[in-house]
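Subject: Structure handover

Hello,

Please find the structure below, followed by notes on what turned up in it.

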Amino acid sequence: YVAGQTFAGAAELGWTNAAATNLTILGGYASSGTPGSWSDGTPTILTRASTVSNRIFTISGIVAGTLGRVTVTDGYYTNNVDGTGWNNPGRGGGLYITNSSLNIVSCIVSNNRVGMENQGEWYWGGGVYSVNSSVRMSNCVVKANVISWSQDSGLVGAGICVQGGACDIQSTIIAENLAELHSLSRGAGMFLDYAADADIQL
């Protein structure tokens, strides 16, 4: 249970313990008690410190996990650290999910961004990037996420990008996401790639 307050991290969060199956992370609780009362009016907000540029949350190797009632916002992931170009693409400004099975319930993923540093690269999933995973998203909002333009870049899935695996999206708002105008822009709201299996009922 996570307190209903804002957590501004100096580095991205990581959830990687594959041994902990059926683990649930829920936000919006009072900061005292066991676990304390839950209130819709005290959201748990995961963001980054203003002095750093990083994605908010990487989830890797999780089995039957649940992330619920949190807001993931203002992530900024770029691949300008080592300048390796095609070998180091920018993926997942808010959530990066790999080799996992995950339920995302009643979450907001908003105002996250990927890209805009090096030319000749591809940028994927401004809000949510899922690769080789099974993700179910219900009663969520994915809004105002951006993939930024640089010369000769490919911009793919500003809201949600799924590469391989499967996704099941139910009763979720996907709105106002932007893959900045470019001849290689694909899927401002959502993009499915590499034979991703999808069931979508918005």
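I will begin with the cavity. The lining of the largest cavity draws at least two residues each from β15 (128-138) and β19 (160-170). Strands here are DSSP runs of E with at least two residues, and helices are runs of H or I with at least four, all numbered from the N terminus.

Before the rest, some ground rules. The model is predicted, so local features need pLDDT of at least 70 and side-chain atom pairs count only at pLDDT 80 or more, while totals for chains, interfaces and linings use all residues. Residues are numbered from 1 along each chain as its sequence is written, and side-chain values use heavy atoms, with hydrogens and water left out.

Cavity

The count is 1 cavity of 30 Å³ or more, and the largest cavity holds about 60 Å³ of space. A cavity is a set of points, on a 1 Å grid over the protein atoms alone, where a 1.4 Å probe fits but cannot get out; lining residues have an atom within 4 Å of a point. Grid points are joined across faces, edges and corners, and the volume is the space filled by probe spheres set on the points.

The residues that line the largest cavity are Ile104, Val128, Ser130, Val135, Met137, Ile160, Val162, Cys167, Ile169 and Met190. Sorted by class, that lining has 9 nonpolar residues, 1 polar residue and no charged residues. Nonpolar covers Ala, Val, Leu, Ile, Met, Phe, Trp, Tyr, Cys and Pro; charged covers Asp, Glu, Lys and Arg; the others, Gly among them, are polar.

Salt bridges

Side chains of opposite charge can pair when their charged atoms come close. The whole structure has 3 salt bridges, a salt bridge being a side-chain nitrogen of Lys or Arg within 4 Å of a carboxyl oxygen of Asp or Glu.

- Glu12 and Arg55 meet through their side chains at 3.5 Å, N to O. This pair links distant parts of the chain, 43 residues apart: Glu12 is in the loop between β1 (6-9) and β2 (13-15), and Arg55 is in the loop between β4 (44-48) and β5 (57-60). Glu12 is partly exposed at 31% relative accessible area, whereas Arg55 is buried at 7%. Buried means under 20% relative accessible area, exposed over 50%, and partly exposed in between, with a 1.4 Å probe and protein chains only.
- Arg48 and Asp74 form a salt bridge with their closest N and O atoms 3.7 Å apart. Arg48 lies in strand β4 and Asp74 in the loop between β7 (70-73) and β8 (76-77), so the pair ties together parts 26 residues apart in sequence. Arg48 is buried at 15%, and Asp74 is partly exposed at 34%.
- Asp168 and Arg136 form a salt bridge, the closest N and O atoms being 3.4 Å apart. Asp168 lies in strand β19 and Arg136 in strand β15, so this pair ties together parts 32 residues apart in sequence. Asp168 is partly exposed at 21%, and Arg136 is partly exposed at 36%.

Strand pairing

Two strands are taken to pair if DSSP finds at least two bridges between them. β2 and β5 run parallel and are joined by 3 bridges; Leu13 has Phe57 in β5 as its bridge partner. β5 also pairs in the parallel sense with strand β10 (residues 95-98), over 4 bridges, and Ile59 stands opposite Ile97 in β10.

There is also an open sheet of 4 strands in the order β8-β13-β17-β21, with parallel pairing. Its edge strands are β8 and β21 (178-179), each of which pairs on one side only. β8 runs parallel to strand β13 (residues 113-115), with 2 bridges between them, and Tyr76 stands opposite Arg113 in β13.

Cysteines

What is the disulfide count? It comes to 0, with a disulfide defined as a pair of cysteine sulfur atoms within 2.5 Å. The cysteine sulfur closest to that of Cys107 is in Cys140, 5.0 Å away, which is too far for a bond. Cys107 is buried at 2% relative accessible area, and Cys140 is buried at 3%.

Backbone

Asn99, which is not a glycine, has a positive phi of about 50°; its place is in the loop between β10 and β11 (101-105). Asn132, also not a glycine, has a positive phi of about 50° and is found in strand β15.

Regards

Terms used
1 Å grid on protein atoms, 1.4 Å probe; cavity = no way out; pocket = protein on both sides within 12 Å on 5 of 7 lines; lining within 4 Å.
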